[in-house]
Protein chains: 2
Amino acid sequence: MAGTDLPASGWGGGSTKATIDDVASAAGVSRQTVTNTLSYPHKVRAETRDRVRAEIQRLGYRPSAAARSMQSRISGALGIELRTLGPGYHNGLMAPLLAELSRAAGIRGAHMVTFGEATQESSLAAYEHMWLTRRVDAFVLTDTERDDPRPGWLAEQGAPFVSFGRVWNDPAFTRWVDVDGGAGTSLAVEHCRERGYEQVAYLGWQPGLSPVMDDRYAGWRTACTAGGLPVDDLGGTCADDLGSVTAEALSLIDVMGGRGAVVCATDLIAVGVHHALAVRGLQVGRDVGLVGFDDSETARLHGLTSVRQPLDLIADQLVLMLHDAFRGQAAPETSGLLLRPALHERGSTRGHDDGRAATPATPTTPTTGTTNGD
Amino acid sequence: MAGTDLPASGWGGGSTKATIDDVASAAGVSRQTVTNTLSYPHKVRAETRDRVRAEIQRLGYRPSAAARSMQSRISGALGIELRTLGPGYHNGLMAPLLAELSRAAGIRGAHMVTFGEATQESSLAAYEHMWLTRRVDAFVLTDTERDDPRPGWLAEQGAPFVSFGRVWNDPAFTRWVDVDGGAGTSLAVEHCRERGYEQVAYLGWQPGLSPVMDDRYAGWRTACTAGGLPVDDLGGTCADDLGSVTAEALSLIDVMGGRGAVVCATDLIAVGVHHALAVRGLQVGRDVGLVGFDDSETARLHGLTSVRQPLDLIADQLVLMLHDAFRGQAAPETSGLLLRPALHERGSTRGHDDGRAATPATPTTPTTGTTNGD
DNA sequence: ACAAGAGATTTGAACCTTCAAATCACTCGG
DNA sequence: CCGAGTGATTTGAAGGTTCAAATCTCTTGT
């Protein structure tokens with residue numbers, strides 16, 4: 001037995017679809033005329049064009065992405081890493097962002113390719129593989145950390161990339177889009193004031209852990225002082241567990257005397273505060289206002305007013321920047337793009353009910369359909 | 001001005017990387033010898049092989065995915081739709097699932113491609129595009145609904161596909177992986193009993209809305225009757241807003257007299273129950289046990305015991321099935337694959353504290369790093 | 001009626017890889 | 001010392017597309 005002597009690849013079969021030659025011979029023209037019909041219609045006589053188009057339609061012809069990308073040396077794919085370990089795995093924003101990126105890329109004829117290693121450290125190997133095999137033209141980075149090795153490595157390889165979130169290593173790198181978290185919390189403070197809450201507290205992670213969170217804190221502080229609101233003893237700090245959140249929330253509520261509002265660094269923290277309010281027998285909205293951050297599913301269920309990141313715009317801009325980067329255009333000189341979030345108002349900041357109609361908490365029946373998650 | 005007369009595509013540039021010919025001439029051999037060195041090393045003399053390998057290393061050569069896939073007529077990509085509208089957009093399981101799929105596909109030399117239309121209805125057009133351009137070899141379906149048009153269309157096109165979640169249209173279709181939700185809630189009931197809760201209530205969406213949710217309900221009911229636990233008046237039904245959840249939770253708690261446990265259809269519902277407990281002044285775990293579903297980030301923060309879907313296995317199996325489907329192997333005859341979830345135990349079912357040490361709620365400091373979400 | 005030119009269409013080449021077939025270099029038995 | 005056989009390596013072809021250049025077919029002015 002000689003052995004079949006094939007490499008242990010995979011993905012055998014493959015079905016047959018119409019090629020450009022099929023269309024050409026069916027329409028009685030040459031390859032190039034078909035190409036022209038698709039790309040430069042004005043170069044083709046109307047009569048021929050119609051005939052070719054009819055055949056394209058009939059045969060369901062579409063240019064093969066592989067052949068096309070080989071010819072052009074452009075894959076039309078943008079890579080984005082998804083980690084199965086560490087933070088980001090449960091990042092509730094990742095799926096929606098990816099959906100928006102897919103949409104935005106699609107408009108430009110590109111698509112998103114996800115990849116990821118199981119091991120946390122050797123993530124660069126995955127980038128290298130995607131890049132050297134020309135599977136992707138460029139990368140979208142997310143969850144960039146301080147001293148993140150990826151930007152440096154990509155730049156070294158000459159691989160175009162953009163980042164969702166500032167690249168803290170290198171202030172000279174301007175191809176990033178970020179959300180102005182400070183503007184978000186400022187917006188929240190302003191909103192609370194309008195709704196009649198006299199004091200606005202803040203609850204977030206301890207300073208110095210994350211620039212993003214520090215930013216949100218700063219936005220609260222700025223808006224309060226600008227609006228003549230007190231800040232002393234109203235900036236609370238908690239860890240990432242409910243006990244810590246509840247304890248700190250109770251303390252803040254007591255400082256404010258049970259009337260006021262709390263702006264939170266995340267929706268999850270806001271839910272913790274909501275919980276603390278229940279413990280104290282206070283009603284969210286009427287007694288104490290509450291604002292979350294990220295407008296997650298949790299916020300919706302809890303009727304939480306929450307700061308909403310404009311994921312659609314973010315995706316549009318990231319893809320646009322990548323497009324520019326890939327075409328070798330110069331990066332914007334000044335800085336990246338800082339987008340302003342919006343506030344999604346719900347019942348948790350309806351105000352102290354002076355008989356005035358309140359924004360309802362939009363009760364809905366569960367959506368039908370077989371979602372395997374929540 | 002004649003005009004540049006180029007199609008309005010995009011993604012201009014493209015950087016130059018080593019090709020197989022570069023390696024060949026650098027090593028003083030022919031193309032085929034390089035291929036052989038990579039795919040059939042035994043066919044190449046050891047000395048030559050080493051020389052070629054050294055050049056491959058030095059030049060950073062990797063076969064171009066496009067050229068390769070054109071040659072083999074296999075793209076090595078698996079498509080998965082991400083919607084920017086409707087349910088699924090905020091499905092907290094999607095990102096982790098996709099990460100696991102990317103990992104699992106990577107092991108077989110494939111990768112995931114995401115796509116999606118902005119418009120909800122014409123989603124088939126996106127599938128058609130991905131398929132006819134041969135950008136993907138096969139598809140992974142999620143969030144299949146009753147009367148979902150996609151399975152039928154894909155089958156018609158001869159496009160291989162698998163589904164995460166049963167395909168309710170067609171019981172004869174067996175290429176699916178799903179989580180046995182009933183087993184999950186049964187597990188939860190059993191766990192609660194072990195921890196000393198005498199009654200176990202259930203709270204979920206109203207029956208008939210979703211087969212997945214009905215399944216979870218059935219699991220609870222089965223386990224209770226099998227274990228000699230009462231079920232009358234303990235199966236609660238709520239809508240998708242906190243008010244409804246809280247009201248129903250309070251009623252269940254009162255029926256149980258403040259001692260017992262509540263198994264919930266989702267983590268979000270469990271948080272609502274948690275909230276109701278706070279309103280009644282009851283302590284979660286010690287007084288009333290609480291189990292969620294999906295082991296989301298919310299569950300972690302709240303110290304909720306939760307049913308965990310084995311996403312890594314799910315992804316492995318989906319990719320494996322797709323691999324088989326693509327190679328034209330026969331589908332499994334009996335049925336799809338129903339995986340058993342596991343229980344991630346946390347403080348919310350620590351039991352009525354008889355002095356015995358309790359499972360701590362794993363308080364942690366927030367992870368560092370610049371996550372833009374929660 | 002014919003050269004020039006414009007418009008329409010076809011041919012040739014290249015993109016990079018892999019498979020199949022052909023060639024080359026050796027060793028060994030007769 | 002030659003033909004056969006074996007192992008190592010090279011050449012040819014194909015896969016589907018697009019660009020550049022070549023060819024063909026008219027129309028128009030003189």
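Strands here are DSSP runs of E, at least two residues long, numbered from the N terminus. Keep that in hand for the first stop. One caution: this is a predicted model.

Start in chain B. B:V179 sits in strand 5 of chain B, residues 176–179. Now look along the chain to B:V212. The two valines, B:V179 and B:V212, are 33 residues apart in sequence. In space, their C-alpha atoms are 9.1 Å apart.

Next, the DNA. Helix 2 of chain B gives the largest share, four residues. By class, the surface near DNA strand C has six nonpolar, eleven polar and six charged residues.

Now strand D. Here 25 residues surround the DNA strand. A:I20, A:A67, B:S30, B:Q32 and B:T48 are the closest to DNA strand D. Two or more residues come from each of helix 2 and helix 4 of chain A, and helix 2 and helix 4 of chain B. The classes near DNA strand D are nine nonpolar, eleven polar and five charged.

Stay with helix 2 of chain B. How does helix 2 of chain B lie against helix 3 of chain B, residues 46–59? Their axes come within 10 Å and cross at roughly 95°. Angles of 65 to 115 degrees count as roughly perpendicular. Helix 2 and helix 3 of chain B are therefore roughly perpendicular to each other. On the helix 2 side of chain B, the contact uses B:T33, B:V34 and B:T37. Helix 3 of chain B answers with B:T48, B:R49, B:V52 and B:R53. That contact divides into two nonpolar, three polar and two charged residues.

Last stop, chain A. Helix 10 (residues 242–255) and helix 11 (residues 267–280) of chain A pack at about 60°, axes 8 Å apart. These two helices of chain A, helix 10 and helix 11, are therefore oblique to each other. The crossing of helix 10 of chain A past helix 11 of chain A is right-handed. From helix 10 of chain A come A:L242, A:V245, A:T246, A:A249, A:L250 and A:I253. They meet residues of helix 11 of chain A including A:I269, A:G272, A:V273 and A:H275. The contact of helix 10 with helix 11 of chain A has ten nonpolar residues, three polar and one charged.

Definitions and conventions
Residues are numbered from 1 along each chain as its sequence is written. Chains are lettered from A and ligands numbered from 1 in the order in which they are written. This is a predicted model: local features need pLDDT of at least 70, side-chain atom pairs count only at pLDDT 80 or more; totals for chains, interfaces and linings use all residues. Axes are lines fitted to C-alpha atoms, for helices over the stretch in contact, and angles run from 0 to 180 degrees between N-to-C directions. Angles under 35 degrees count as roughly parallel, over 145 as roughly antiparallel, 65 to 115 as roughly perpendicular and the rest as oblique. A crossing is left-handed if the near helix is turned anticlockwise from the far one by less than a right angle, and right-handed if clockwise. Two residues are in contact if their C-beta atoms, placed from the backbone, lie within 7 Å. Ala, Val, Leu, Ile, Met, Phe, Trp, Tyr, Cys and Pro count as nonpolar, Asp, Glu, Lys and Arg as charged, and the others, Gly among them, as polar. A residue is near a molecule or strand if its C-beta atom, placed from the backbone, lies within 6 Å of it.
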